[in-house]
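Dear colleague,

Please find below the structure that I am handing over to you. My notes on it follow directly after.

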Amino acid sequence: MWVADLIYNAKVDSVSFENGMLKSVKAGITEYEADEFVVATGSWSPVIGNQLGLKIPVQAGKGYSLTIVNPKVQIPLPVILEDAKVAITPLPGFLRIAGTMEIAGLDLSINQLRVEGIKEAVRQNIPQIEESELAEAKVWAGLRPCTPDGLPIIGKTEKWKNLTLATGHAMLGISMAAVTGKLVEGIISKEEKQVDLNAVSPMRFGV
């Protein structure tokens, strides 16, 4: 059985190496040693990669989300406004409207022009959603970790033999979380491969 301690709000300040292996990471005054390490830090993977001497080719793609609480119009199924690249998802008690892909680095600020573009797509396609609801919608932004070829990066690095990358899932992070975790478990425990991971290997980017 695998056992893990979850340590929250612990920023990695430094790392140490020994004999071609990653030995420990230091967060604040605490140093954590381990036999195996995994980088699963999404859009922030290049930041950690820099400390490891690795150029992890992940670029943050910012998307915006609008949440309407207790919407007046009931939409029974998820809807994608294909031309506008906007998705509308009905959830218990609220309606989520999301879209856009903005390349702006690790910037979580809200670009109102992007937000207005999403609202305009809703106005044109689902006019039953009232203007007052759009005006009061809660707006937030999130970063999607994107790779040059659109595939995630999962596997051991060439430079550090006890380091596994699991990042670059773009808009499918939650969808692919469970299978990625299973793959990483197999990689670390050196289980017999059930699938060919060459297509998602870090080594395709020389990492």
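**A buried serine and its surroundings**

Ser-24 is buried, with a relative accessible area of 1%. Please bear in mind that the model is a predicted one. Ser-24 belongs to strand β2, which covers residues 21-27. Its side chain makes two polar contacts that deserve mention: one reaches the side chain of Ser-16 at 2.5 Å, and another reaches the side chain of Glu-31, also at 2.5 Å. Leaving aside residues up to four places away in sequence, Ser-24 touches Ser-14, Val-15, Ser-16, Glu-31, Tyr-32, Glu-33 and Phe-37.

**The strands on either side of β2**

Strand β2 pairs with β1 (residues 14-18) in the antiparallel sense, over five bridges. Within this pairing, Ser-14 has Lys-26 of β2 as its bridge partner. Strand β2 is also joined to β3 (residues 30-33) by four bridges, and these two strands likewise run antiparallel. Here Lys-26 stands opposite Glu-31 in β3.

Both pairings are hairpins. Two residues separate β1 from β2, and Asn-19 in that turn has a positive phi of about 55°. Two residues also lie between β2 and β3, where Gly-28 in the turn has a positive phi of about 65°.

Most residues other than glycine have a negative phi. Asn-19 sits in the loop between β1 and β2 and is exposed, with a relative accessible area of 74%. Thr-100 is another residue that is not a glycine and yet has a positive phi, of about 75°. Thr-100, however, is found in a strand, β8 (residues 94-103).

Phe-17 lies in strand β1. Phe-17 is partly exposed, since its relative accessible area is 34%, and this value falls between the 20% limit for buried and the 50% limit for exposed. Which residues does Phe-17 touch beyond its sequence neighbours up to four places away? They are Leu-22, Lys-23, Gln-51, Leu-52 and Trp-160. Phe-17 and Trp-160 are 143 residues apart in sequence, but their C-alpha atoms are 9.0 Å apart in space.

Lys-23, one of the residues touched by Phe-17, also takes part in a salt bridge with Glu-18, at 3.6 Å from N to O. Both partners are partly exposed: Glu-18 has a relative accessible area of 43%, and Lys-23 has one of 32%.

**Other salt bridges**

The structure holds eleven salt bridges. Among them is the one between the side chains of Glu-130 and Lys-72, at 2.9 Å from N to O. This pair links distant parts of the chain, 58 residues apart: Glu-130 is in the loop between α2 (112-125) and α3 (131-136), while Lys-72 is in the loop between β5 (59-69) and β6 (79-81). Glu-130 is partly exposed at 35% relative accessible area, whereas Lys-72 is exposed at 57%.

Lys-85 and Glu-82 form a further salt bridge through their side chains, at 2.8 Å from N to O. Lys-85 counts as exposed, with 53% relative accessibility, and Glu-82 is partly exposed, with a relative accessible area of 49%.

Trp-44, Val-47, Leu-106 and Leu-108 make a nonpolar surface patch of about 350 Å². Trp-44 is placed in the loop between β4 (37-39) and α1 (45-51). Trp-44 is partly exposed, with a relative accessible area of 40%.

**The chain as a whole**

The chain contains four helices and eleven strands. Its C-alpha atoms fill a box of roughly 65 × 40 × 35 Å along the principal axes. Of the 207 residues, 37% count as buried. The chain exposes about 12,600 Å², with 57% of that area supplied by carbon and sulfur atoms. Among contacts between residues at least 6 apart in sequence, 66% join residues at least 24 apart.

With kind regards

Notes. Residues numbered from 1 in each chain as written. Predicted model: local features only at pLDDT ≥ 70, side-chain atom pairs only at ≥ 80, totals over all residues. Heavy atoms only, no water. Patch = residues over 30% accessible without salt bridge, like charges linked within 9 Å, V, L, I, M, F, W, Y side chains within 5 Å. Areas by Shrake-Rupley, 256 points an atom, 1.4 Å probe, with all protein chains shown as cover. Salt bridge = Lys/Arg side-chain N within 4 Å of Asp/Glu carboxyl O. Buried < 20%, exposed > 50% of the residue type's maximum accessible area, 1.4 Å probe, protein only. Polar contact = N/O pair within 3.5 Å; in protein donor to acceptor, adjacent residues only side chain to side chain. Contact = heavy atoms within 4.5 Å. Pairing = 2+ DSSP bridges.
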